[in-house]
Amino acid sequence: MSEIWAGMAEAFLLIWSLDADLIDITLRSLQVSLSALVIACALALPLGTWLAIRRFRHRRFVIATMNAFMGLPPVVVGLIVYLLLSRAGPFGVLGLLFTPAAMIIAQVIIITPLIASITHQAMRELWSDYHDLLISLNTTHGQRIATLIWDGRRTLMTAALAGFGRAIGEVGAIMIVGGNIDHVTRVLTTAIALETGKGDFALALGLGFVLIALSLCVNLAIHTLSRTEREGRW
Amino acid sequence: MIRALLIALALTVTPVRAETLRLAATTSFNNSGLSDVLLPAIAQDIGLDVQLLVVGTGQALRLGQSGDVDAILVHSKAAELEFVAAGYASHRREIMYNDFVLIGPSEDPARVRAAATATEALQRIAKAQLAFVSRGDDSGTHRKELALWAAADHDPANFAAWYREVGAGMGASLNSASAMNAYILADRASWLNFGNRGDLSLLFAGDPALFNQYSYLPVNPERHAHVKAQAAQALEAWLVSPRAERIINGYQIGGETLFVFNARP
Amino acid sequence: MVSRDLYAQLQAVVVKRRGKAVLGPIDLDLSGGGVTIVLGPNGAGKTTLLKVLHGVERVTSGSVSWSVPAKTAQQGQAYVFQSPIMLRRSVRANLAYPLQLLGLPKSEIATRVAHWAARIGLSAELDVPAPRLSGGEQQKLALARALIRRPDTLFLDEPCANLDGRSIREIEEILREATEGGARIIMTTHDLGQARRLADRVLFLNKGQVEEQGESEAFFTEPKSPGATAFLNGDILE
């Protein structure tokens, strides 16, 4: 219990003193996870919506596979991405290994199925509501997708935040493909792993509380910006 | 002497560029805290920004083999010689050594303190079947531990549940040992820098068999054309320089020196 | 009322669902403006007929043709469903939506939205989320949303099924205005009183067939088919 108090104290000190290392790894955590989120959403939102409104032969199989990929162990994703990006691997020439880019790639792979799956579920419900109307109005495919995404944006935001939460807390994959290099690929989660490994629990906990606070701030910011709880909204 | 002059020359002539070099080093090297002192000095002296990947010896060798890093710093002579023989590095350069120590519960039920040699200490633990944590991760430390068991006429494959392989780095393994109040073989530097000792204390040290040599191996540019061979050379030159000697020999934790510089120019 | 020429034709149209014929075979010529009421018992195929005419239900065999190309025809049509489908947006956004799809300029959209909001008495509720309106208000909104595009043809599927008397009267008024404005209306209903009030022409459907069609006065005073007679009598048709 004393460790936990020590951790909170450590967190407070780090933030109060605007510790340079802390700022460095916090900004990098945000950079990596937010970039991964943007890319993943760009892929997952249209994909999930499209799957909800299109009928084609192997649709159920695709949906089942997408849902299954939500359960991909992140560390396995990390290992596969590592093997692909290693100099000994097919994409080695790109020199992406041990850079933030590699971390972003791994995280995109991890969170896209999650966002796509929630999107698909939400869009499916919405589509069954809107189906007759949108067809009657002669909408094009693109118009349908745009309408569904806009009207379903609250749920999609939840999907995105779920993806973000998964990304910012992830440590296995980015440890492998990033290498946890100080000032280059070290982020909050990998730093926590490092300090825990060194037995410096107070610092590790402190960083942990910073991570939690960060996640809370991001969530609050997005909810405030979209005024989710504004009176009159559903 | 000549190297000192060359370095002095390099310092005055070469503009400080932010060139980067990827170095895979072992967890025991990083946990000692020495890297936190060396890296800034390297950056200052030769303008080289060393990107340090802290991994186990096994993974470091893999990284060197596939050319994902430019050089490695490990402590497992047999594996290093194999590495050079296979052509992944042109040579190995001994830099410094520290020693391994036996850690265990302060009570010392196996009476390891009274042992004359490391081998005897391990035999006592095995006989009493007391909890022992092993790195189990094919690292330099792990290989040293296995070598010691072999010298003590034991095969860890036959050990019962008292022998626990955690498959983790030095710090994580020490955490586990602390939680289990078990015996463990650790490098002195990591032990001195470890913050979660619990009831553990240093029980045995000093046997020459516990000698732990760190060597530097630059990845062979003939195998991987893209490695920064020049930077790797510059780093090697620095690591065997008098400046490095001063820093390494002068590095202390709680008044104790951890490493002994033994590079030959 | 402007009498128009033949505008739609169904030839040997059959619609099957799960192997069973729910509509057809039907040969039908539709002409004239005003209000055509489609009457018939439940399961007669009224909704299917409407959807086939609107092009949102596929025929199993046969053809549906309009006097203009099919695409143009559908663009000039609007459809009001039995249960109003509200976009999860404000009243204003619902009204504006079909016009935005057409790419009309913002000023034009604003004008029409204001006009129709006033017409259905929801000017004060423009920013209220549509799903929060009452049933009657939603249906009026759906109707306004359909008419805001100035369609030639308006389909309505039992639009007043669950509404109170006042809403029914308001809707019928709007429909009358629409026909005066030149739109033709094809509507299904259960309410014989409403049929009598509104119809210029009646189509009587039973078991997927058109059993009778004709001018409304003639239909209501002297139905010719036994099915229609029984229906108007209030009997249950099986």
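User: What makes a helix crossing left-handed?

Analyst: A crossing is left-handed if the near helix is turned anticlockwise from the far one by less than a right angle. In this predicted model, H3(A) passes H5(A) in a left-handed crossing.

User: Which residues make the contact of H3(A) with H5(A)?

Analyst: H3(A) brings Ile63(A), Met66(A), Asn67(A) and Phe69(A). H5(A) answers with Pro113(A), Ala116(A), Ser117(A) and His120(A). By class, five of these residues are nonpolar, three are polar and none is charged.

User: How do I describe the packing of two helices?

Analyst: Two things are used: the angle between the axes and the distance between the axes. Take helix H3 (residues 59–69) of chain A and H5(A). Their axes come within 8 Å and cross at roughly 130°. That angle makes H3(A) oblique to H5(A).

User: What is the rest of chain A built from?

Analyst: Chain A has 10 helices and zero strands. Its C-alpha atoms fill a box of roughly 65 × 55 × 30 Å along the principal axes. Of the 234 residues in chain A, 42% are buried. Now look at its contacts with a separation of 6 or more: 78% of them join residues 24 or more positions apart.

User: Which pair of chains shares the most contacts?

Analyst: Two pairs of chains are in contact, and chains A and B share the most contacts. There, 15 residues of chain A are in contact with 18 residues of chain B. The side of chain A that touches chain B has six nonpolar, five polar and four charged residues.

User: How many residues does the contact of chain A with chain C take?

Analyst: That contact takes 13 residues from chain A and 14 residues from chain C. On the chain A side, helix H5 (100–136) and helix H6 (141–151) each supply at least two residues. The largest share, six residues, comes from H5(A). By class, that side of chain A divides into five nonpolar, five polar and three charged residues.

User: How far apart are the closest C-alpha atoms of chain B and chain C?

Analyst: They lie 52 Å apart, and no contact joins chain B and chain C.

User: Is helix H4 of chain B enclosed or open, and why?

Analyst: Count its buried residues. In helix H4 (residues 57–66) of chain B, seven of the 10 residues are buried, so the helix is largely enclosed by the rest of the structure. Among the buried ones are Thr57(B), Ala60(B) and Leu61(B). The buried residues of H4(B) pack against several elements of chain B, including strand S1 (19–26), helix H5 (77–85) and helix H7 (140–151). Just after H4(B), Gly67(B) takes a positive phi of about 80°.

User: How do I read a sheet?

Analyst: Strands of a sheet pair through backbone hydrogen bonds, either parallel or antiparallel. Chain C has an open sheet of six strands with mixed pairing, in the order S5-S6-S7-S3-S8-S9. Its edge strands are S5 (77–80) and S9 (209–215), each pairing on one side only. From one strand to the next, the twist averages 15°.

User: How many bridges join S3 and S7 of chain C?

Analyst: Four bridges join strand S3 (residues 35–39) to strand S7 (residues 184–188) of chain C, and the two run parallel. Val38(C) stands opposite Thr188(C) in S7(C).

User: Which strands does helix H6 of chain C touch?

Analyst: Helix H6 (residues 165–180) packs on the sheet and touches S3, S6 and S7 of chain C. Its direction makes about 145° with that of S7(C). Helix H5 (residues 135–147) of chain C lies across S5 and S6 and runs at about 175° to S5(C).

How values were computed
Residues are numbered from 1 along each chain as its sequence is written. Chains are lettered from A and ligands numbered from 1 in the order in which they are written. This is a predicted model: local features need pLDDT of at least 70, side-chain atom pairs count only at pLDDT 80 or more; totals for chains, interfaces and linings use all residues. Two residues are in contact if their C-beta atoms, placed from the backbone, lie within 7 Å. Ala, Val, Leu, Ile, Met, Phe, Trp, Tyr, Cys and Pro count as nonpolar, Asp, Glu, Lys and Arg as charged, and the others, Gly among them, as polar. A residue is buried if 20 or more other C-beta atoms lie within 10 Å of its own, exposed if 12 or fewer, and partly exposed in between; C-beta atoms are placed from the backbone. Axes are lines fitted to C-alpha atoms, for helices over the stretch in contact, and angles run from 0 to 180 degrees between N-to-C directions. Angles under 35 degrees count as roughly parallel, over 145 as roughly antiparallel, 65 to 115 as roughly perpendicular and the rest as oblique. Two strands pair if DSSP finds at least two bridges between them.
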